[in-house]
Amino acid sequence: MKRWRVASLATTAAAALVLSGCGGTGGGAVGGSGGGKGELLVWVDNTRMPAAQQYKKAHPDVKMRIVTIPPDAGYVPTKISLANRAKSDWPDVVFLANPAEAATLASEKFGYAAPLDDLVPQSVRDGFAPGALDTCTFGGRTYCLRNDIAPTVLWYDVTLMKRYGYQVPKTWADYQKTGLKAAGEHPGTIVGAVNGKYGAGIYFGSSGCATRDTLSLTEVHIDLGQANCTRVADLLQPLARKKAVTTVVPIDPGFAKFGKGDKILMLPAPAWFGDFMFGPAFKVPGGRIAAAPMPTWPGESKPYAGQVGGGAFLVSSHAGERTKDAADLVRWMTTDVSLQAKQPTYPAFTAAAQKWGEAKSKDPYYASDPTPALTAAADALRPGFGAVRFEADWQSSFNDTLVKAVHSGGNLRNALASWQDKLEAAAKTSGYTVG
């Protein structure tokens, strides 16, 4: 599963469709879902296709049609917009490679996502990692189930740590100190990356900075003046000045130069970086990479994780008589332990994650078993990181303000005010009231 591939941007026309929803609303379907053929229409990516086919084979009484869709940002909302316009051909089940799009599909204008509270028992929903369904929940109602999550950990190079005589930091103060020391003693060495979601989701997300705290489908809380935000700016300011953190996005092929050159000392990053980035993309040899919990922020006793990635399943509000079958498929796809234990990324369902970790603990690529750190991170997702309809603007506005300040040598605290303004404007344009 090439999670590291850059998702393509939606076109301007597609964006317009997404914002308007083409006037579509829930209910009142003319042609119905499933193309009006009485079949369960399922949209999944290539990675989920074998599992969907396995379900179909095990349920011959359920007439199903499975369609492969690309993971590109904006693809699903755009296609649902077209279905809303035609009032037909909605998929009964859809997989989202970008869970934030649940906020769009559950909105009143789209009316696509069906609440799952009465379709999936509370006992099942309680089996997901703490906070895993936060991105699916709006106004107290759950609109999707997470397939996988991407909690962040502190990845580090054991070989370089030993060679330089450094210790893995347990606090962000120690992280900053080690990063500055490495930049001075070993020029070109980096301890982090700040670009788009890899800066906003990892550093600001783990700190609990309210950049996208969704209160409902129409209300969002944004406050970058609080200490949870300014402490991140203060952490990154000296590291940026000494180039101990890079603005090169990790999924850019150019980032490989750091791995090939033995320049990645540490990298706070999502769980999937272990399998899909360090070896395949960064070319770091086996036996060198290990994972530690995220450092602890000042005044806190627990290390919190940020989030960058993962996927989710939704059920259509237009499924009609196929709603029960659709919900059963989604439940099985996300909670079947034997299925989830074999998937490439960290399962959102706790029991499956435990089985998944058993295989990961034996992976010879790692210098030590990464599962304890990954498990701890999954249990420590920072609350308040919601799915929003301005996801693309959330990322681009971070680059237009914070990353721009890094490049120019500007003050990162001052850049927070500009980011606040851009986030508020984006939220309002997307139909939110900002509080």
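In this predicted model, three strands form an open sheet in the order E14-E9-E15, and their pairing is antiparallel. Strand E14 (266-270) and strand E15 (289-292) are the edge strands, each of them pairing on one side only. On average, neighbouring strands of the sheet are turned by 35 degrees against each other, direction ignored. Strands of a sheet pair through backbone hydrogen bonds, in either a parallel or an antiparallel manner. Here, strand E9 (residues 152-157) runs antiparallel to E14 and is joined to E14 by five bridges. Within this pairing, Val 153 of the model stands opposite Ala 269 in E14. Helix H15 (residues 371-378) packs on the sheet, where H15 touches E9 and E15, and the direction of H15 makes about 155 degrees with that of E9.

The description now turns to a pair of helices. Two packed helices are described by the angle between their axes and the distance between the axes. For helix H2 (residues 49-58) and helix H12 (residues 323-335), the axes come within 11 Å and cross at roughly 125 degrees; H2 and H12 are therefore oblique to each other. The crossing in which H2 passes H12 is right-handed. On the H2 side, the contact is made by Ala 51, Ala 52, Gln 54 and Tyr 55, and on the H12 side by Asp 325, Asp 328, Leu 329, Trp 332 and Met 333. Classed by residue type, this contact has six nonpolar, one polar and two charged residues.

A single residue remains to be considered. Thr 142 lies in strand E7 (residues 141-142). Its relative accessible area is 6%, under the 20% limit, and Thr 142 therefore counts as buried. Leaving aside neighbours within four places in sequence, Thr 142 is in contact with Ala 114, Pro 115, Leu 116, Asp 117, Arg 125, Cys 136 and Thr 137.

Note on methods. Residues numbered from 1 in each chain as written. Predicted model: local features only at pLDDT ≥ 70, side-chain atom pairs only at ≥ 80, totals over all residues. Heavy atoms only, no water. Helix = DSSP H or I, 4+ residues; strand = E, 2+ residues; numbered from the N terminus. Buried < 20%, exposed > 50% of the residue type's maximum accessible area, 1.4 Å probe, protein only. Contact = heavy atoms within 4.5 Å. Axes fitted to C-alpha atoms, helices over the stretch in contact; angles between N-to-C directions. Parallel < 35°, antiparallel > 145°, perpendicular 65-115°, else oblique. Left-handed = near helix turned anticlockwise from the far one by under 90°. Nonpolar A, V, L, I, M, F, W, Y, C, P; charged D, E, K, R; others polar. Pairing = 2+ DSSP bridges.
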